[in-house]
Every structure is written in structure tokens, then in C-alpha cells.
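Thank you all for coming. Please take a moment to look at the model on the screen, and then I will walk through it step by step.

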Amino acid sequence: MNAARIASRVAASLLGGYAFVWGFVTLGIALGLAVGMDYDDARTLCNLLAFLVFLSCFCWAFAHASLARVWGVLAGGGLLMTGAAWWLLGTTAL
Amino acid sequence: MFSSFRLSMAWLHTWFGLVLGYVLMVAFFFGALSVFDREIDRWAIPESRFEPQPMPSFDKVLKPIFQSITPEDEELEAARERVGGPLPEKLPLMNWSAYTTHRDPVLSMYAEFAVTNNPNDPDEHVHGHVTIDPRSGEVLPHDRLKIGSGFFYPLHFSLHLEWQSLGYWIVGLAALVMLAALVSGVVMHRKIFREFFTFRPAKHIRRSTLDLHNLTGVLALPFHFIFALSGLTIFAGIYLPVSETMLKPQAQAHAMEEARAKGLAFKPSGTPAPMASVDAMVLEAKRRWAARDMPGEVGFLQVHHVGDANGYVSIYRAGSDRVALVGQAVHFEASSGRVILEEPPPTPVASINNFLTGLHLQHFRHWLLRWFYVLGGLMGCVCIATGFLFFVEKRKAQHSRQGSNASRWVDALAVTTVTGMVLAALAILVANRLLPVDLPHRGDWEQRFFWGSWMLACGHAVWRSAPVARGRLAPAWREQCWLIAALAVAAVALNWATTGDHLLSTLARGYWPVAGMDLSLLVCAGLAVAAALRLRRAERGSAAPAAAPEAAARDKLVEAPRV
């Protein structure tokens with residue numbers, strides 16, 4: 001357990017976790033809007049789930065053996081979901 | 001990095017718990033005090049020691065007071081900095097609001113003013129507020145610090161670090177870590193059912209500390225989990241500002257569409273208009289609540305676009321009889337008093353959110369449950385504090401052999417956030433009774449006493465924790481316990497001396513806000529004395545040789561894995 005690996009794992013759990021949750025919330029709202037959900041309802045629903053998702057990401061970041069995979073899933077997944085949300089919002093008229 | 005799932009969770013529990021536990025102590029302790037924030041306000045502001053009052057007449061009492069509210073100086077200063085220059089001569093009035101609960105004798109009134117010259121933010125605005133005695137309409141002095149609702153309460157979620165909402169983010173991170181500590185704590189301890197009933201205070205310190213840590217952790221587990229989670233969702237708008245950034249177009253379109261669909265104007269029209277009787281609107285709202293079989297009082301009253309033809313009045317029912325906060329709004333056209341809309345029941349998602357928020361903010365009337373909240377919050381404190389103690393007890397012998405000061409520093413910080421924090425809370429109460437009544441910026445001085453005494457307590461803790469580096473107990477704990485007892489008794493005595501409200505009189509009158517505070521302070525003093533006496537015995541014991549080796553080995557079998 002050297003210091004750099006610990007720092008990287010802590011960063012992955014917090015920053016990667018945050019990116020993942022951001023992606024989850026934006027994509028969740030975008031999907032909700034796409035199926036005709038009210039904006040406030042979609043946002044509230046995502047907010048209620050957001051911190052449970054964050055909690056899971058955070059714990060998983062320490063539990064999983066491969067650090068590269070942790071970064072990949074959390075930061076990569078976050079980017080991917082945020083991108084998907086962006087695309088979806090662009091295609092849905094306001 | 002970790003050889004097993006359990007070890008990874010133990011690492012997370014130990015190290016994140018250690019670093020953010022200090023913040024969690026603040027959130028839990030001042031959160032627990034905030035359960036009785038209004039009662040602490042009564043103690044701190046003797047002029048306001050009378051029975052709770054309903055919302056007074058708007059037309060006769062509130063309206064002229066609203067018209068006299070001006071923006072706060074500090075807010076104007078902050079707005080000038082954001083704008084980067086002077087503000088316009090006249091700041092247009094936007095809206096008025098008044099808020100009260102079943103525990104408020106005094107009424108808080110707010111006004112919002114538009115700042116029209118911020119190029120970066122068209123919605124720039126500043127606020128003004130006053131607190132009044134609703135019986136007479138008299139405005140209370142402005143620099144009386146509401147120690148409960150105005151200082152302890154915001155401290156528990158913002159740490160009073162307003163810059164860039166930094167305090168909110170630190171507390172938010174701590175709340176996430178609290179959730180993770182609960183999950184990892186459950187993973188670490190397989191015999192969870194047994195821990196509900198296990199406390200062996202007669203064993204040596206390390207064993208009984210861990211027992212107490214596990215007991216308070218599992219017994220109040222649902223409480224800790226719900227409070228950390230709902231605390232995060234309440235401020236989700238700060239932590240995940242999607243509506244202000246990526247989804248701003250959608251959020252604004254929705255807000256405008258909703259306002260249009262409901263017939264509630266999103267913006268002022270620019271045409272001035274007079275205002276109809278708001279008292280008549282309040283009567284109509286109460287009639288409609290009663291017709292829906294839920295008669296109630298006004299909890300929140302808001303006038304939007306004051307003096308404009310688009311102006312409307314929203315009247316919300318106080319949530320004294322259920323978990324969810326204010327609700328059942330009826331909206332009226334301000335110029336005519338016509339009902340525009342009776343708010344429909346919330347959607348299922350909104351209901352869940354309202355319930356969770358209401359559970360955290362507890363505006364309902366239920367005194368026993370209120371005390372259980374305090375108990376839950378204090379159990380959280382005990383859980384976190386015993387976590388620190390266990391960390392120190394487990395390592396101090398080893399650290400002392402290695403010549404390391406690590407345990408000593410952890411212990412000094414633990415003293416600061418356990419007894420030091422209680423000292424600071426008592427110091428602000430004592431300062432509140434001692435400072436001259438007409439001292440300018442009196443509230444600021446009270447806060448200085450709070451932070452100053454906390455820093456002194458920290459200095460004392462660092463100084464008087466030296467024996468920890470030699471594997472012994474820090475005398476700082478005992479000394480601060482004595483000081484807590486002295487300050488708590490002093491606070492009760494000073495309350496008597498400066499207001500004449502001694503316990504016999506408040507108890508005889510049944511005035512529980514002040515009687516309850518005084519009694520709690522005396523209980524606090526009693527506990528501190530008991531702790532100090534016990535600590536003195538333990539300090540003498542810790543100078544003797546360590547516990548028998550076989551007892552230590554036996555305990556190790558049931559302890560968490562060493563990380």
C-alpha cells in the first residue's frame with residue numbers, strides 16, 4: 001500500500017464517484033424528460049437516489065481489487081452518462 | 001491493495017472516520033441542539049420569553065413593518081463585491097415573506113430586493129429581515145443573536161464557512177463518509193445482533209470503548225443513516241447543481257411553464273397595482289383547509305411581486321400535525337384577493353421527498369419524539385467520540401514504544417471536538433448573559449467568545465495531552481470536564497441573576513423553554529462531574545502496569561481486525 005496508490009484510490013472514490021453521480025443524475029433527468037416526466041419530479045427522484053448511488057460507488061472504489069477498473073468505471077461511466085444526457089437533451093425539444 | 005473485502009471496509013472505516021469524524025461531531029452535536037433551537041433562542045433572548053403566537057394580522061400589523069424593512073448592510077456589501085461597483089440608487093422590492101412555527105413566540109419577516117446592475121446575474125438580489133413581537137408589532141433589537149436557530153442550527157450544516165459554500169461541502173463529504181462508515185461498520189462486525197446488548201463498562205478502557213461504539217452505532221443505525229442521507233438530499237441543489245448548469249434551459253423552461261399553467265406570474269408586469277386585504281385571503285385559505293378536513297394555522301405567508309399587477313399571495317399551512325413541512329398552499333391574486341390556485345396534492349415522488357425533509361427538520365408537534373431526536377443525535381456523538389478513543393487506545397502503547405506522537409495528536413483533536421465543543425457551546429451562553437445589553441454588535445461578540453473559547457480548548461488539549469505519547473490518559477479530558485461543569489452551572493446562575501427566571505419560578509410557571517434549558521445545563525454539569533471523577537480514577541490506574549496479557553489476547557478475538 002504505497003502512498004500514491006492510496007491517494008489515487010481516495011481520489012477515485014471521491015472525484016470518480018462524483019463524476020459517476022453527476023452522470024447518473026443528468027442522464028436520469030434527461031431520460032425522465034424524454035418519457036414525459038415532470039422536470040421537478042425527475043430531478044427530485046434522481047436526487048433521492050443520487051447519494052445512495054454515491055455511497056455504493058464510494059464503497060466499491062475501496063472494495064474492488066483493480067484500481068484501473070475503479071477509475072474506468074467511475075470516471076469513464078460518469079463521462080459516458082453525462083455525454084449521453086447531453087445528446088438526449090439536444091434531441092428533445094424544450 | 002487490500003487482501004479482503006472486510007479489510008478494505010475496515011481501512012475505509014478507520015481512516016475516513018478519523019479524518020471526517022471531527023466534522024461529524026460538529027454536525028451531530030449542533031444538529032442535536034438544533035432540535036431545540038427555538039427554546040435556546042428563548043433562553044438567549046429574554047425579551048422573547050412568552051408563549052408561541054399565531055401569525056398576526058397582515059393588514060394591521062405586518063404590512064407597515066414589511067414596508068419599513070431595508071436590505072442588510074452585509075448583504076449590500078457582498079452584492080457590491082459581486083457587481084464590482086456601486087449598486088443602483090433604488091433597489092426594487094421583489095417579495096415579502098413571514099414564517100412561524102408552533103414553537104415561535106416571535107415572528108421572522110423577510111424582504112427581497114432586486115439588484116439590477118449585475119451583468120453576470122440578472123437574478124441578483126439582496127435580503128432584509130426583522131424579528132417582531134407579534135402581540136404588539138414591536139420590532140426587536142436587530143443584533144440579538146438567536147443562538148439556537150441563528151447560530152447552532154446553521155453551524156451544523158454550514159460550519160459558518162460561507163465562502164463558496166465551503167462549509168456545506170465539507171459537511172456533505174462528512175455525511176457521505178457517515179453513510180460509508182455505517183455500511184463498513186456493519187461489514188466489519190459480523191456479530192451485529194449481539195452488539196445491541198453488549199456493554200461491559202467494567203472491562204478495561206479499550207474493550208468498553210469498543211462496546212459503546214458498537215452499541216450506539218447499531219442501536220441508532222436507522223437514525224444515523226436517515227439523517228446523513230436526508231441531510232444530503234436537502235442540500236442536493238448545492239451538491240449537484242444541475243438545474244443551474246447543464247440543465248439550466250430545461251429547469252427555467254419548466255419553471256416558466258409551471259408558473260403559466262398555474263396562473264402564477266413568473267415575472268412582474270411593470271404596472272403598479274394596489275393590494276387587497278391579505279387577512280381576507282388568510283380566512284379563505286383557512287376555510288379551504290377546514291373544508292379538506294385539515295384545519296390549521298398559517299405557517300408561511302409570501303407576497304410575490306409586491307405592488308405589481310402580477311403580484312400574488314401564497315399562504316401555506318403550518319405542518320405541526322404531520323411530518324412533511326409547510327404545504328397545502330393557496331395562491332391569491334394580490335390586487336383582487338381572487339383565488340388563483342389551490343395547490344394540488346404533491347406527486348408521489350414529491351411526497352417521499354417532503355417526508356424525508358420533514359423527518360430531518362421536524363416541525364411537527366411531538367415533544368417525546370423531539371427528545372428522541374436529541375438522544376439519537378447524542379448517540380451519534382458518543383459513537384464518533386468512542387471511535388476516536390478506540391483509535392487512540394488501540395495504538396498509543398505501540399506509538400509510545402516507537403516514539404511517535406500520532407496518538408497524542410488524535411487524542412488532542414478528540415478532546416477539542418468532544419469536551420472542547422461543549423465548552424464553546426457553554427461559553428457562548430455565558431457570554432450571552434454577561435455581555436452588556438447595549439453593546440454594539442453584541443451578537444458578533446457572542447460568536448467571538450464561542451470561537452475563541454474553542455480555540456483555547458484546542459490549545460489546552462494539545463498542551464495537556466502529552467502523557468498520551470507515553471501510553472497514558474490525557475489529563476485534558478478531566479480538566480475540561482471540570483470546566484464544563486463550572487460553565488454549565490454558571491450559565492444557569494447567570495440566567496437567574498440577569499433575568500430573575502430561576503428554575504423554581506420557570507418550573508412553577510411551566511415555562512419549559514427556559515426551565516428545560518436550565519435543567520439540561522444542570523444535567524450536563526452532573527455528567528461532566530461524574531466523568532471527571534471517573535477519569536481521575538482511570539488516570540491513576542493507567543499509571544499502573546497494563547492489563548494482564550491473557551485478558552488482552554482474549555479481547556483481541558472479538559475486536560475488529562487490526563488495520
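How many residues of chain B are in contact with chain A? Before I answer, please keep in mind that what you see is a predicted model. In that model, 30 residues of chain B are in contact with 28 residues of chain A. On the side of chain B that touches chain A, helices H1 (5–34), H6 (166–188), H9 (221–234), H11 (248–262) and H13 (348–361) of chain B each supply at least two residues. If we sort that side of chain B by class, we find 22 nonpolar and 8 polar residues, and no charged residues.

Let me now turn to chain B as a whole. Chain B has 21 helices and 8 strands, and its C-alpha atoms fill a box of roughly 85 × 60 × 55 Å along the principal axes. Does its radius of gyration agree or disagree with that of a compact globule? A compact globule of 563 residues would have a radius of gyration near 24 Å, and the 27 Å of chain B agrees with this. Of the 563 residues in chain B, 40% are buried. Among the contacts in chain B with a separation of 6 or more, 71% are accounted for by residues 24 or more positions apart.

The domain assignment of chain B gives domain 1, which is written as 52–140 + 248–361, and domain 2, which covers 405–563. The C-alpha centres of domain 1 of chain B and domain 2 of chain B lie 42 Å apart.

H1(B) spans only 38 Å between its end C-alpha atoms, whereas a straight helix of 30 residues would span 44 Å. Where does H1(B) bend? The bend is at B:Gly21, and it amounts to about 50 degrees. H1(B) is also mostly covered, with 22 of its 30 residues buried.

I would like to look at a few single residues before I stop. B:Leu140 lies in the loop between strand E4 (138–139) and helix H5 (147–158) of chain B, and it counts as partly exposed because it has 15 C-beta neighbours inside 10 Å. Leaving aside residues up to four places away in sequence, B:Leu140 touches B:Glu47, B:Ser48, B:Val106, B:Thr131, B:Ile132 and B:Asp133. The C-alpha atoms of B:Leu140 and B:Val130 are separated by 7.5 Å, with the two residues 10 residues apart along the chain.

B:Leu159, in the loop between H5 and H6 of chain B, has a positive phi of about 55 degrees although it is not a glycine. B:Gln328, whose place is in strand E7 (residues 327–333) of chain B, has a positive phi of about 50 degrees, and it is not a glycine either. Which of the classes, buried or partly exposed, does B:Gln328 belong to? B:Gln328 counts as buried, because it has 22 C-beta neighbours inside 10 Å, while B:Leu159, with 19 other C-beta atoms within 10 Å, is partly exposed.

Key: Residues are numbered from 1 along each chain as its sequence is written. Chains are lettered from A and ligands numbered from 1 in the order in which they are written. This is a predicted model: local features need pLDDT of at least 70, side-chain atom pairs count only at pLDDT 80 or more; totals for chains, interfaces and linings use all residues. Two residues are in contact if their C-beta atoms, placed from the backbone, lie within 7 Å. Helices (H or I, at least four residues) and strands (E, at least two) are DSSP runs, numbered from the N terminus. Ala, Val, Leu, Ile, Met, Phe, Trp, Tyr, Cys and Pro count as nonpolar, Asp, Glu, Lys and Arg as charged, and the others, Gly among them, as polar. Domain bounds come from an automatic or database domain assignment. The radius of gyration is taken over C-alpha atoms; the globule rule is 2.2 Å times the number of residues to the power 0.38. A residue is buried if 20 or more other C-beta atoms lie within 10 Å of its own, exposed if 12 or fewer, and partly exposed in between; C-beta atoms are placed from the backbone. The expected span of a helix is 1.5 Å times one less than its number of residues. The bend at a residue is the angle between axes fitted to the seven residues ending there and the seven starting there.
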